[in-house]
Amino acid sequence: MESLTSDLTEEKRKQLCGLLGNVELTLLYKASVHGYQASAFHQRCDRQGPTLLVAYNRSGYVFGGYTSVDYTQSGQYITDEGIFLFSFQGKIPVCIKVNSGCYARVDDAGVPNFGQQLYFCYNNQPVVYNSGSNAFSLNTATMYGNDTQLSECEVYKVEQSSAVSTEEKPWRNVLWTAEYVSTQLMGLIRNHKPLMTSVSRVRILMIGPVGAGKSSFFNSINSIFMGRITSKAMSGSAGTSLTTQFRTYPVKDGREGKPLPFVLCDTMGLEEQTGAGLDIEDISSILQGHVPDRYKVSYLWYVYINPDTFEKAIELPQIIQCVSVHQVKGERRSHDHMVCSYRTQIEGDVVLCLQVQEVSSRLGVPVSCVLPVKNYSQELELELNCDVLLLTALQQMLNFADDYLDDAGHEEKFVFHICRLLCD
């Protein structure tokens, strides 16, 4: 194979490899060298395994897509959970997953396509073409500036690096042992002391759309410390929120144990329909501690009409110190799949890692604030892997609350730390 010079900068190469895991990229095809014809593409890219297409346009945009299923010209519609489109918007590549129920691409003899929506080297010309299909929810203005003229198109073979094993380079370093759960995670949470002595228990507000697992998250945490599956908070999969009151849930360390140093605050789910679910404006009253336990969320407007009804919370113990945003991402997965994806991003499935990156980018928080968890919902007994994920998320929330309390001790303003949860 002739020697090819890549147009991909080292910085962007590292960022793309960061999405894909511990991989190596080998340049297979360069349109300016081999030609923009579909036949030239297939001659060098068929049966090469997972590939990454990187396109460059004359406006300076760098974008493209990844597919984990190799090209074979089979004529079949391809299902590929690993497929995604990407675009460098700033320093971090923004990824777009294929929409549920849509095929990833068609494996024909034509030019590379993604979802039969985005075609590269269309009509054997240096252009990108958007057919208007809905396989991917993309905005061409932000993805490539609506500039369809390509200056280059490259395709890379994606291979797992042999230099470092998956065990040496995990996505996140987590110990999956019972001893780690009981002595490390549960021990740290039991012994946690908020940075400010006036705050005896950290107040964590759980918000998110209906069915995102807020009440189930409390039930799951409560189950771990009770040593059995519990369902104290009402939870389920109804179309509207089952929670209609603002609830503050303390958690005890066992049936006869003392209260743990945190309180999980639950409320009605967010809904898109006007007048339904929790109003965004009402969240401010909850954050400032104006809403008492068991108050009907549907009457939160009363807080604004009659603010003197509630004692204004001006002390730190009454306000919320950490916000936990819950959301279900993608299709629901089996328990083992969720844990495997969290444990390492290079075991063949990068779906969850990409979702974490996407949430981080959309919410504007560090990736370390995005924590995949598996709530207890159908289980009858506790499971080690669920406990590890749940307790790790809770420990991070307590850390974020300490950051807030440390900040509040120096500044006369409220800064609420956000912890984003991906709930299965």
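Q: Which residue in E5 is the bridge partner of Gly 65?
A: The partner of Gly 65 is Leu 85 in E5. This is a predicted model, in which local features need pLDDT of at least 70, side-chain atom pairs count only at pLDDT 80 or more, and totals for chains, interfaces and linings use all residues. Residues are numbered from 1 along each chain as its sequence is written, and side-chain values use heavy atoms, leaving out hydrogens and water.

Q: What makes E3 and E5 a pair of strands?
A: Two strands pair if DSSP finds at least two bridges between them. Strand E3 (residues 62–67) and strand E5 (residues 84–88) are joined by four bridges, so they meet this condition. The two strands run antiparallel.

Q: How do you know that E9 and E10 pair?
A: Three bridges link strand E9 (residues 118–120) to E10 in the antiparallel sense. In E10, Val 128 is the bridge partner of Phe 120.

Q: What makes E1 and E6 edge strands?
A: The open sheet has six strands, in the order E1-E11-E2-E3-E5-E6, with antiparallel pairing. Strand E1 (23–30) and strand E6 (93–97) each pair on one side only, and they are the edge strands. From one strand to the next, the twist averages 25°.

Q: How do you know that helix H1 packs on the sheet?
A: Contact means heavy atoms within 4.5 Å. Helix H1 (residues 10–20) touches E1, strand E2 (51–57), E3, E5, E6 and strand E11 (150–160). The direction of H1 makes about 150° with that of E5, where angles run from 0 to 180 degrees between N-to-C directions.

Q: Why is Gln 73 called partly exposed?
A: Buried means under 20% relative accessible area, exposed over 50%, and partly exposed in between (1.4 Å probe, protein chains only). Gln 73 has 38% relative accessibility, and therefore counts as partly exposed. Gln 73 lies in the loop between E3 and strand E4 (76–78).

Q: Why is Gln 116 also placed in the partly exposed class?
A: The relative accessible area of Gln 116 is 31%, so Gln 116 is partly exposed. Gln 116 is found in the loop between E8 and E9.
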